[in-house]
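Subject: A structure for you to look at

Hello,

Here is the structure I wanted to pass on to you. Please open it first, and then read my notes below.

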Amino acid sequence: MQTKQLQFYNIYADTLVQLKAKLLEQLHQLLNTLPQEDGDVPAEHLSCRIKSPESVCQKLKRRSLTPTPEIALQNLSDVIGIRVVMRFIGDVYHMADQIRKHTGWEVIRIKDYIAKPKPSGYRSLHMIVRVPFMCGLFSSIQVEIQLRTIAMDCWASLEHQMRYKKHIPNATLIGAELLRCAEEMASTDLTMQTIREMIRSNSSQDQE
Ligand code: 0O2
């Protein structure tokens with residue numbers, strides 16, 4: 001953890017770092033429980049970040065809350081944010097099921113921006129999960145797990161870099177173009193899923 005983060009999170013810093021490592025390990029284990037018929041792991045990559053103090057303070061300020069680590073841990077669900085990038089849409093929902101079933105975690109809210117994309121075109125499945133966090137007055141905190149495909153991650157990363165929360169010229173035109181890209185990528189995701197199912201059903205017929 002960087003010095004600024006250490007200073008802000010104070011007595012919670014070490015436990016947050018430990019929780020981040022533990023969650024990554026637990027999610028890796030859950031990924032290994034998914035069916036791997038292709039002899040391949042379904043996740044492209046997993047990442048986890050502890051929200052920067054600047055970002056936490058901005059969010060708390062927007063909600064007229066005092067910028068302390070306690071208020072952040074009580075009120076924000078993404079002090080720890082995890083991103084799981086899967087290869088196929090089907091795997092996103094399989095992984096969501098595994099997260100739901102995980103003992104010791106409580107899924108509090110699911111925001112399905114795949115079924116109902118954001119107006120920007122953003123797609124991902126967000127799960128707000130309460131996990132154990134024994135530190136100070138806390139026994140648990142909420143974390144946000146974002147599940148998405150490679151295509152959704154590609155769009156979100158590029159859009160984040162170019163436009164998200166930025167003032168850009170020609171915003172309407174650029175927004176429409178980015179939305180078009182998101183829709184094309186979503187259509188490719190569906191085609192990839194169909195191709196995978198065709199390959200799987202052909203190979204299971206061959207084995208019969
Ligand atoms: P960053 O920089 O990624 O950390 P909440 O978090 O629930 O209090 P909200 O706005 O309802 O607030 O959450 P939402 O929209 O369900 O999820 C917010 C996160 O989703 C963002 O985190 C982004 O990571 C991602 N996201 C949402 N909309 C977009 C979008 O249009 N484009 C991109 N690229 N990402 C998006 P942060 O903290 O806003 O930002």
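A polar side-chain atom of tyrosine 113 lies 2.7 Å from an oxygen atom of the ligand, and a polar side-chain atom of arginine 63 is 2.4 Å from a ligand oxygen. Glutamate 159 has a side-chain N or O atom 2.8 Å from a nitrogen atom of the ligand. For these pairs, a polar contact means two N or O atoms within 3.5 Å; within protein, one must be able to donate a hydrogen and the other to accept it, and residues adjacent in sequence count only if both atoms are side-chain atoms. On its own the ligand has 760 Å² of accessible area, and the protein covers 80% of that (Shrake-Rupley method, 1.4 Å probe; for residues, only the protein chains shown count as cover).

Before going further, please note that this is a predicted model, in which local features need pLDDT of at least 70 and side-chain atom pairs count only at pLDDT 80 or more, while totals for chains, interfaces and linings use all residues. Residues are numbered from 1 along each chain as its sequence is written, and side-chain values use heavy atoms, with hydrogens and water left out.

Around the ligand there are 18 residues, and the closest are Lys59, Arg63, Lys111, Tyr113 and Lys118 (a residue is near a molecule or strand if one of its heavy atoms lies within 4 Å of it). By class, 10 of the shell residues are charged, four are polar and four are nonpolar. Here Ala, Val, Leu, Ile, Met, Phe, Trp, Tyr, Cys and Pro count as nonpolar, Asp, Glu, Lys and Arg as charged, and the others, Gly among them, as polar. Helix H6 (residues 150-162) gives the most to this shell, with three residues.

As for the overall fold, the protein has seven helices and five strands (DSSP runs numbered from the N terminus: helices are H or I with at least four residues, strands are E with at least two). Along the sequence the pattern reads α-α-β-α-α-β-α-β-β-β-α-α. The C-alpha atoms fill a box of roughly 60 × 45 × 25 Å, taken along the principal axes.

The ligand takes up the space of the largest pocket, which has a volume of about 1,100 Å³. Of the 36 residues that line this pocket, the closest to its centre are Asp78, Gln146, His160, Tyr164 and Lys165. H6 gives the most to the lining of the largest pocket, with five residues, and that lining has 16 charged, 12 polar and eight nonpolar residues.

Some terms are needed here. On a 1 Å grid over the protein atoms alone, a cavity is a set of points where a 1.4 Å probe fits but cannot get out, and a pocket is an open set with protein on both sides within 12 Å along at least five of seven lines; lining residues have an atom within 4 Å of a point. Grid points are joined across faces, edges and corners, and a volume is the space filled by probe spheres set on the points. A molecule sits in a cavity or pocket if more than half of its atoms lie within 2 Å of its grid points.

The second largest pocket has a volume of about 160 Å³. Its lining includes Thr15, Leu19, Trp105 and Phe133. Helix H2 (13-32) gives the most to this lining, with five residues. The classes there are seven nonpolar, four polar and one charged.

There is also one cavity of 30 Å³ or more. The largest cavity holds about 60 Å³ of space, and among the residues lining it are Tyr122, Met152, Trp155 and Asp189. Helix H7 (171-207) gives the most to the lining of the largest cavity, with four residues. That lining divides into seven nonpolar, one polar and two charged residues.

Finally, two loop residues. Asparagine 10, in the loop between helix H1 (3-9) and H2, has a phi near 50 degrees, a positive value in a residue other than glycine. Asparagine 170, in the loop between H6 and H7, has a positive phi too, near 55 degrees. Most residues other than glycine have a negative phi.

Enjoy exploring it!

Best wishes
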